[in-house]
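Hi everyone, and thanks for coming. Let me put the sequence and the structure up on the screen, and then we can walk through them together.

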Amino acid sequence: MSSNTYQALVCCRAGVASSQMLKIKCDQVISEEGYPIETRTGTIAGIDSFAGDLVITMSDLAEDLEAHAGVAHALGIRDIVNKQEIKDKLQSFLEAVGADQ
């Protein structure tokens, strides 16, 4: 088990509205659940310079990222305001990496 704080990049194609909204909802879930995750926003173009643990994005982009060599974990969110979906996927990520919760 790990006691790390995981770094997550919340991104979309342009890095404007949808990634900002998704980050807000992710941060709400992370705070409410006490998950050891810190988020920052960016664009898909900046993925190569991201050295963190997790990419959170829209479901269509996550499918593209699964084949990207630099992305170990990509979570695709279908409804960016659905906190239950976000919670379930973050929980799955933490279980996959063996995080203490």
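First, some ground rules. What you see is a predicted model, so local features need pLDDT of at least 70 and side-chain atom pairs count only at pLDDT 80 or more, while totals for chains, interfaces and linings use all residues. Residues are numbered from 1 along each chain as its sequence is written, and side-chain values use heavy atoms, with hydrogens and water left out.

Now, confidence. pLDDT is the predictor's confidence in each residue, from 0 to 100. The chain averages 88, and 90% of the residues score at least 70. Confidence is lowest in helix α2, residues 59–65, with a mean of 83, and highest in α3, at 96. When I say helix or strand, I mean a DSSP run, H or I with at least four residues for helices and E with at least two for strands, numbered from the N terminus.

Let's look at α3. This helix covers residues 83–97, which is 15 residues, and spans 21 Å from its first C-alpha to its last, close to the 21 Å expected at 1.5 Å a residue. That expected span is 1.5 Å times one less than the number of residues.

Which residues of α3 are buried? They are Glu85, Ile86, Leu90, Phe93 and Leu94. Seen down the axis of α3, these buried residues fall within an arc of 165 degrees, so they line one face of the helix. The arc is taken from the directions from the helix axis to the C-beta atoms. The face turned away from the buried side of α3 carries the exposed residues Glu95 and Ala96. For these words, buried means under 20% relative accessible area, exposed means over 50%, and partly exposed lies in between, with a 1.4 Å probe and protein chains only.

And what covers that buried side? The cover of the buried residues of α3 includes β1 (6–12), α1 (17–33), β2 (37–43), β3 (54–58) and β4 (74–77). At the start of α3, a side-chain oxygen of Asn82 comes to within 3.0 Å of the backbone nitrogen of Gln84. After α3 comes Gly98, with a positive phi near 70 degrees.

Next, α1. It has 17 residues and reaches 25 Å from first C-alpha to last, close to the 24 Å expected at 1.5 Å a residue. Ser19, Leu22, Lys23, Lys25, Cys26, Val29 and Ile30 are its buried residues, and they pack against β1, β2, β3, β4 and α3. The residue following α1 is Gly34, and its phi is positive, near 70 degrees.

Leu22 is buried, with a relative accessible area of 0%. Contact here means heavy atoms within 4.5 Å. Leaving aside neighbours within four places in sequence, Leu22 is in contact with Val10, Ile56, Thr57, Met58, Ile77, Ile80 and Ile86. Leu22 and Val10 are 12 residues apart in sequence, and their C-alpha atoms are 7.2 Å apart. Ile30 counts as buried too, at 8% relative accessibility. Not counting residues up to four places away in sequence, Ile30 touches Tyr35, Ile37, Thr39 and Leu90.

That brings us to Thr39, which sits in strand β2. Is Thr39 buried or exposed? It is buried, with a relative accessible area of 16%. The side chain of Thr39 makes a polar contact of 3.2 Å with the side chain of Lys23 and another of 2.5 Å with that of Asp27. A polar contact is a pair of N or O atoms within 3.5 Å; within protein, one must be able to donate a hydrogen and the other to accept it, and residues adjacent in sequence count only if both atoms are side-chain atoms.

For contrast, look at Asp48, in the loop between β2 and β3. Asp48 counts as exposed, at 65% relative accessibility.

Last, the cysteines. How many disulfides does the structure hold? The count is 0, where a disulfide is a pair of cysteine sulfur atoms within 2.5 Å. The sulfur of Cys11 is 7.1 Å from the closest cysteine sulfur, in Cys12, too far for a bond. For Cys26, the closest cysteine sulfur is in Cys11, 11 Å away, again too far for a bond. Cys11 is buried, with a relative accessible area of 0%, and Cys26 is buried at 0%.
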